[in-house]
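Here are my notes on the two-chain model you sent over. Have it open while you read.

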Amino acid sequence: MGDRDPLRYFRIEARELVDQISAGVLDLDQQPGPDQVSRLLRFAHTLKGAARVVKQTDIADRAHEFEEVLVPHRDETTPAVPADQMRELLRLNDEISGFVAALSAPAPPVATEPPPVATEPPPPEPAPEPAAPAAPPPEPAAPAPDPGGERAPERAATADLDELLDAIGEASSRIAPLRDGGRTLARLHRNVETLADRLRVGRTTVSDASARTAVRRLSGDLGALGRRLTDAIDQVERELDEVRGRAEGLRLVPAGSIFTALRRAVRDAADAEGKRVRFQATGADVRMGPHLLNLISGAFLHVVRNAVVHGIEPEPRRLAAGKPAEGTVSVHVERRGRYAEFRCTDDGRGFDLAALRRTAEERGLLTPGADAGPQALIDLVLHGGISTAPGVTEVAGRGIGMDVARDVALQLGGEVAIANRPGHGATVRLIVPLTLLSMNGLIVEAGHTTATMPLDAVRRCVRLAADEMAAATATARLAHEGEVLPFLPLAGALQAAVDEDAEPRSGVAVVLAADRDTVAIGVDRLAGITTLVARPLPDLAPAAPVIASVSIDLDGNPRLVLDAHGLVAEARQESTTARSDTVSTRPRMPILVVDDSLTTRMLERSILESAGYEVDLAASGEEGLERARSREYGLYLSDIDMPGIDGFTFVARTKADPQLAHVPAILVSSRASAEDKRKGTEVGASAYVIKGEFNQEELLAHIRRLIL
Amino acid sequence: MTRAGTVGSRLRRLRTDFDQSFAEPARSHDEEHLELLTIRAGGRPYAIRLSQTSGVHPDRPVTPLPGPQPALLGLAGFAGAVVPVYDLAALLGHPVAEVPRWLVLAAGTPPLGLAFHDLDGHVRSATSDIIRESGDEAGDRRRGSLRGLVDLPGGSRPIIDIPATRAMVHALAGHAQAGDEEPS
């Protein structure tokens, strides 16, 4: 004990090496390449050496054996490691991880992992019992996730500590200008004292002019110093914000840290089943709390194993179905606002619905002959613990894995869903709320509030001039790179106070993408980028869906973190609402457009139709009257200057006709005089819209007001 | 020896009693007195039992939180914790446009801040000055978060019961089964 734990550094190094060996072996198995063997040899050799030094002969011997297996393949251009040697490598790898894991804090860490595994033996119904001999093979894989999960925080820490140190260095370097400022302040102080002395001594003789000049210069210097200090403090603040964010992020672990364990589980299950299965994973960078990730890792081990055992068909069957001989199991991790989604997709046979139905009926979960839809059957898998395992050779019933996944989801306040594509595979989705989440944010200001947008959803930012901003706000749309995007002013979405009469101001449109949709969010100003840790909204604080979570700023005040999915949905909805106010339940009355100009007719028609109205067209007042009498309209929209009868006359005649008098009319004209407007009102028009100031929002507002 | 021991133990007891009398100064008062905060919410005078709160703070920045609850002013930070802040005047059914300046933390969990406009003071009132309204229990539902009145020199003030207010907020936020309705 005097030496203070001789294994301290070995433990860290060994974990790193075991990690690299575990990943390397799987790489070698899946895509053998020339440098993999040499890399593995290097790792094993380093481990052997280090283990010898600290007298860990068990580990050193295994590492040596590991080397022995690999050495013959060192010079092969494409190493061909026979299956039995591969298995031997995996076995040694497991043994080494076992020994290394045993070196670290003994009892407690193990307790976190076993629960999911422990649940495995009890659930099997009497039927899978004979499968017991087959069950052990995948079991040895179980220890693998333990070290994997436990190790993760440290590994994350080493990667991120560098970044944290960088950020701290950056923050310290920002102190220099403050120190300069202090020196400048001291100099100015001396100047003031000198000046004060001169004023006292000279009383009246020192010329006023020179004193004034000195004072003016001092005042200028002080002003400049003030500005410099403010700038410097701003920068220090920003850097500290960064430091804080990174430090908080150290508590979190990348999702990728569980991928090796999952990959290994897939490999082992495939091996036991005699199948060829490729494992793919994406989303390794999504970070979350280690506890959460541990639980999910436990559940997903079952899910991926199930996908191999029950999903992926035997090779001949795959070939017969026109699929590649090698099956694919992919795991995808994604952050969706305040949730994390873990998806496991396989390209196997999907759930066997007929077998499910049979089992459900046998167990009395389903009345024979009852018409249960595919989803209802799938739900039984999730809720009833039914397995689709058709034979006794299967390792574990699919239902058991689902039970574990469901328990984990329940424990974490999330949910599990299954999408079944019979014959083409299945997707199991585990969605859990995140408690702490590190993310990069774009700080934006809108309507006197500051909020953070998730930077990974931001595609680009576009500066908008005052009039562009006003137009985008009015139409709820923004043309961007040849595409029309829904436009949502953030101030509105945040219900922030907006000065209605304020001069339209320039701003920035932040183009956001989420859920395969792109929208533009209008903000007043961008205020920088920050690394932050988002935490869930507190209890008792129900919030709009555009709010994902909250972070704490440097002053300890909460700052809202926006939800990209919520913003996209809101922008989409607002934009649709603007287009067709409310798609009323009643069928709406058609609108008659009377105008001699083809362009105007088409323009008005497109506006009205996109707002959800049915539109008829007439090219003259006469034609308009004829149509008005042939059909019941909800509104007339008429030009004034037309050949034949003009718009005033058209409206006056409809008002004179008892059949048509109740239909409101809007005059649309380039005539802008008060006289014309008065005349319009006189003949009975309900509204008067000037073409020069044509504003489709205004027009639609009139129409919504007038039409049923 | 025995005498010295007796004196020693006696001394110790006296000292303990002496210290004890300082350690628990309010116990005897508590039975007859009540510590109250006198406040104004939306221009109206109220009183709050100090024992039902866990802190009073002026000018705490509150980040507005858009959402379905108009009474929810937003979120405030307290030592790294994020606390929802509700407007007392709005909860009491007479919201005003003015932004409340003061914030009282309600005792209990989850954290809850209640904002009011003015703090008149801190008074100790005799329990005899508390007027329980007749049918207090039966009338609870209708009266929302007010429980009784206190007679003070400036006139009588309704007492805002913090647990009842908390229950109301829980109901508004969908945190618990709806108990009290918002007073109309």
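1. Two strands count as paired if DSSP finds at least two bridges between them; helices (H or I, at least four residues) and strands (E, at least two) are DSSP runs, numbered from the N terminus. With that settled, B:Leu105 sits opposite B:Gly113 of β8(B). Strands β7 (102-106) and β8 (113-116) of chain B pair antiparallel over four bridges.

2. Some housekeeping: this is a predicted model, where local features need pLDDT of at least 70, side-chain atom pairs count only at pLDDT 80 or more, and totals for chains, interfaces and linings use all residues. Residues are numbered from 1 along each chain as its sequence is written, and chains are lettered from A and ligands numbered from 1 in the order in which they are written.

3. Back to chain B: its open sheet has six strands in the order β3-β7-β8-β6-β5-β4, with mixed pairing. At the edges are β3 (53-58) and β4 (63-64), each pairing on one side only.

4. Helix α1 (8-30) of chain A has 23 residues and reaches 34 Å from first C-alpha to last, close to the 33 Å expected (1.5 Å times one less than its number of residues).
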